[in-house]
Amino acid sequence: MNRRGDLDVLVVGGGAIGAALALALARDEFDVALIEKSAPKPWRAEDDVDLRVVALAPDTREMLDNIGVWSAIVASRVGPYRRMRVWDAGAPGELAFDAAEHGNAALGWIIENRLVQDALWQAIAAHPGVRLVCPGEVSEVENTDDAAVVALADDTRLRARVLVAADGAESPLRKQLGIGCAERDYAQRAVVAHVATERAHEDTAWQRFLPGGPLAFLPLADGRCSIVWSLPNDEAARILALDDEAFRNELGCAFDFRLGTIVAATARAAFPLRLRLAEKYVAGRCVLAGDAAHVVHPLAGQGMNLGFRDVACLRRVLGDARKRGSDVGAAHVLRRYERERRSENALAARGLDVIQRVFDLPGVPAAFFRSIGVMAIQRAAPLKDLIAAAAAGRI
Ligand SMILES: Cc1cc2nc3c(=O)[nH]c(=O)nc-3n(C[C@H](O)[C@H](O)[C@H](O)COP(=O)(O)OP(=O)(O)OC[C@H]3O[C@@H](n4cnc5c(N)ncnc54)[C@H](O)[C@@H]3O)c2cc1C
């Protein structure tokens, strides 16, 4: 802290992205506070696998390892996927990725969101460098020349040289800062559940593009699959209302019985899908990170991975500024973060948007061109390597 008692960095939002950033910066000896409005429910091995899972990429694993939480996560409950199979219901051809082809043990890992957050919160609790304010909710934010100042609902005031809004897709802070968003409502909901299948999942992430949206089967550590089924809103409502047997039959059919019949399914939940890109990432001494800055279609499992790349970038940019003796909240420092991350996140989001639109196009000609595209990628080894490297966060 400086003489006025200012923090270096104040992070608002203790989801995976805010918690990882607070921990990473504290490990780099920044003075950090983390404000979260409600403590997350702890992860427990005896509970069933939570319905919210994410596919985490190799560069995310490296970062979690670097901040000392990966060993706790991997020792708990993690489903590695070593292969990926992607195909189109309306066209021939299949894209196949294999970790071994790229010299890796896994293409990624399926992990409960709650487990990632819990491991981060435990590490934060054990780290004296993070001041945790929970429950705490920001009611006002103000940019002054030398600090971002927040007032909490209980009238506590905190000052920091940088404030990071990692307060999720609805980001109240982004709204308070007057930062707008480009938005597209997909008019779809992602129906999620865990299912047991007749045949083993083979440590493979499967995705079938259907006329209404993609259907993914992601391999869980316990042998089941976590499904993410993107459907038009009315169709999602119908699927949610089916009884268990009818749901399992429709799901098996939609998945082309690729793993045989669906023998059991948990309760279902659904999440609305939209694209949301903040118009800027910086306002005065405040920056956006994670879903507060970008929300993408889950078809390639990239949302949280992009957020972790924000964390890695912000950590590097703030670290470099401190080494040079600069004010870490100076406009040119925060703009560097914005330049690097906003373009990459926008590219990823728009790329996913194009894929979503292309696979949504009805009719035989569209299916024909999709199948040519799929076969061309499958045969062009360098292009396939490029796609695999991008998904792994290596380029
Ligand atoms: C169906 C589905 C599947 C997905 N699959 C994948 C996947 O496979 N791979 C992947 O990488 N991503 C995936 N995602 C995206 C991923 O879940 C999100 O990108 C990620 O959870 C965002 O994390 P976050 O920390 O930015 O936000 P959040 O997890 O929303 O955290 C925000 C936090 O801020 C707190 N908060 C909010 N307001 C305030 C306030 N005023 N004061 C204090 N605290 C506040 C909230 O309580 C919360 O804890 C998926 C998303 C969906 C919907």
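Begin by selecting helix α1 (residues 16-27) and helix α8 (residues 303-323), whose axes come within 9 Å and cross at roughly 25°. Axes here are lines fitted to C-alpha atoms, for helices over the stretch in contact, and angles run from 0 to 180 degrees between N-to-C directions. Helices (H or I, at least four residues) and strands (E, at least two) are DSSP runs, numbered from the N terminus. α1 and α8 are therefore roughly parallel to each other; angles under 35 degrees count as roughly parallel, over 145 as roughly antiparallel, 65 to 115 as roughly perpendicular and the rest as oblique.

The model is predicted: local features need pLDDT of at least 70, side-chain atom pairs count only at pLDDT 80 or more, and totals for chains, interfaces and linings use all residues. Residues are numbered from 1 along each chain as its sequence is written, and side-chain values use heavy atoms, with hydrogens and water left out.

Next, display the side chains where α1 and α8 meet. Ala16, Ile17, Ala20, Leu21, Ala24 and Leu25 of α1 make the contact (heavy atoms within 4.5 Å) with Met304, Gly307, Phe308, Val311, Leu314, Arg315 and Leu318 of α8. These residues comprise 11 nonpolar, one polar and one charged. In this classification, Ala, Val, Leu, Ile, Met, Phe, Trp, Tyr, Cys and Pro count as nonpolar, Asp, Glu, Lys and Arg as charged, and the others, Gly among them, as polar.

On the α2 side, select Asp59, Thr60, Met63, Leu64 and Asn66, which meet Asn305, Phe308, Arg309, Val311, Ala312 and Arg315 in α8. This contact has five nonpolar, three polar and three charged residues.

Now turn to the ligand. A backbone N or O atom of alanine 16 lies 3.4 Å from a ligand oxygen atom, and one of lysine 37 lies 3.3 Å from a ligand nitrogen atom.

Finish with two loops. Most residues other than glycine have a negative phi, and most peptide bonds are trans. Glutamate 29, in the loop between α1 and β2 (32-35), has a positive phi of about 65° although it is not a glycine. Proline 135 lies in the loop between β8 (130-133) and β9 (138-143), and the peptide bond from cysteine 134 to proline 135 is cis, with omega near 0°.

Terms used. A polar contact is a pair of N or O atoms within 3.5 Å; within protein, one must be able to donate a hydrogen and the other to accept it, and residues adjacent in sequence count only if both atoms are side-chain atoms.
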